[in-house]
Amino acid sequence: MNKQTLNYSQQMLALVRAKEWWSYKLAPVLGTAYASAAISNISLISLGSTFLFLLIALAIGASYASVINNLCDREEDRISGKANYFIGRSNLFRALVTIACIVPGSIVSGLLIQIPLALIVYIGNWLLFTIYSVPPIRLKNRSFLGVLAMAVGESLVPQIFAVFLVAHHTDKPLSIAWVTTIAIWALASGFRSILWHQIVDFENDRRAGINTFAVNTSTQTLQRLGKWVVFPAEFGSLTIILLLSNNIFTWTFLGFYLVTEWLRHYFWQLDIVIVKPTENHRLFLFEYYDVFYPLGFLCLTGWRNPANLIILGIHLLFYYQRLWFWIKDLWGLLRWEIPTKLQKHI
Ligand SMILES: CC(C)=CCC/C(C)=C/CC/C(C)=C/COP(=O)(O)OP(=O)(O)O
């Protein structure tokens, strides 16, 4: 790739804020898609095109969510000094970028016509992103409704969309218990993520006069809600998902994750937080969701049938980066931090 093309693609990715959702939001949804196939004993390789379609459909939706959000946030972002690619751009540019999201989104919707339930969910997600950002409704400016809209739009709906797509293509109905637990976990983790985001953005939003839930109440309220209501629901439903899916890999990886997180805290003084950010923090469990949850089901199905390892390879092609970061951290801890500590005690 020459320098100009590289530069151009980097700008495109920045325009749709891909860094904020490519791994963090989409990989857990893929995890649920793999999990839903795995618990029905369906070979992942037979669903390869479904997973690719899911990823493309969600990436287009997330791009639209980011574009419409930045378009509507220009004035607030200017006041608070936040980066916004659309500030100072021409109307033509804005219109072209919006159309560039809507056209592929319409094609995806057209392809979903034979799956009415998935189509309704997909269009619903776009409408939710629209009313979150666009005035006069602009839920972002309506305190708790904004939090609810984001938790539903960026986590619950995509997860349910994935479950419906897989169920349709496997012709096997998924149990009510599975769908309900996934829904509770998706909603709760979506809530925790937006509560954290609003606390991080609190000063910017206050300066720009946006009536977010954090500005309307207090960061302490968000922290308490996240810690005592949202997190127990999230952790409880995650435990049930792991129990229902009966997968030794997801449990083992949870162990790896917890140990690494603890070692990071112990050696590097990183705070492991439930909601409230600190200067040097890591949001508890989110690395598990986007790295290990999908990998756990990819490994399980690869173990059952080695042909599924092809899907594992493709997944890693798209999502090697976050796993690589984890490996690098683990290497640093095992190769340097732990031996140095042990030497001091000998
Ligand atoms: C389908 C799917 C998984 C979608 C992901 C959606 C997503 C997270 C998009 C990123 C842009 C966005 C709407 C951020 C929240 O906006 P904000 O206005 O609350 O925060 P801001 O001030 O940072 O823009």
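Colleague: Which residues are closest to the ligand, and how many surround it?
Modeller: In this predicted model, 19 residues surround the ligand, and the closest are Asn69, Lys82, Tyr132, Lys140 and His197.

Colleague: What is the distance from the polar side-chain atom of Asn69 to an oxygen atom of the ligand?
Modeller: That distance is 2.7 Å for Asn69.

Colleague: How much of the accessible area of the ligand does the protein cover?
Modeller: On its own the ligand has 610 Å² of accessible area, and the protein covers 95% of this.

Colleague: Which elements give two or more residues to the shell around the ligand?
Modeller: These are helix 4 (48–72), helix 7 (116–133) and helix 8 (144–170). Helix 4 gives the most, with five residues.

Colleague: What is the make-up of that shell by class?
Modeller: The shell around the ligand has nine nonpolar, seven charged and three polar residues.

Colleague: Turning to the backbone, which peptide bond is cis?
Modeller: The bond from Pro135 to Pro136 is cis, and its omega is near 5°.

Colleague: Where is Pro136 placed?
Modeller: Pro136 is in the loop between helix 7 and helix 8.

Colleague: Which residue has a positive phi although it is not a glycine, and where is Asn41 placed?
Modeller: Asn41 has a positive phi, about 60°. Asn41 is in the loop between helix 3 (26–39) and helix 4.

Colleague: A change of topic: at what angle do the axes of helix 12 and helix 13 cross?
Modeller: The axes of helix 12 (residues 219–245) and helix 13 (residues 248–268) cross at roughly 140° and come within 8 Å. The two helices are therefore oblique to each other.

Colleague: Which residues make the contact?
Modeller: Helix 12 contributes Thr239, Leu242 and Leu243, while helix 13 contributes Thr250, Trp251 and Leu254.

Colleague: How many of them are nonpolar, polar or charged?
Modeller: The contact of helix 12 with helix 13 has four nonpolar and two polar residues, and no charged residues.

Note on methods. Residues numbered from 1 in each chain as written. Predicted model: local features only at pLDDT ≥ 70, side-chain atom pairs only at ≥ 80, totals over all residues. Heavy atoms only, no water. Axes fitted to C-alpha atoms, helices over the stretch in contact; angles between N-to-C directions. Helix = DSSP H or I, 4+ residues; strand = E, 2+ residues; numbered from the N terminus. Parallel < 35°, antiparallel > 145°, perpendicular 65-115°, else oblique. Contact = heavy atoms within 4.5 Å. Nonpolar A, V, L, I, M, F, W, Y, C, P; charged D, E, K, R; others polar. Near = heavy atom within 4 Å. Polar contact = N/O pair within 3.5 Å; in protein donor to acceptor, adjacent residues only side chain to side chain. Areas by Shrake-Rupley, 256 points an atom, 1.4 Å probe, with all protein chains shown as cover.
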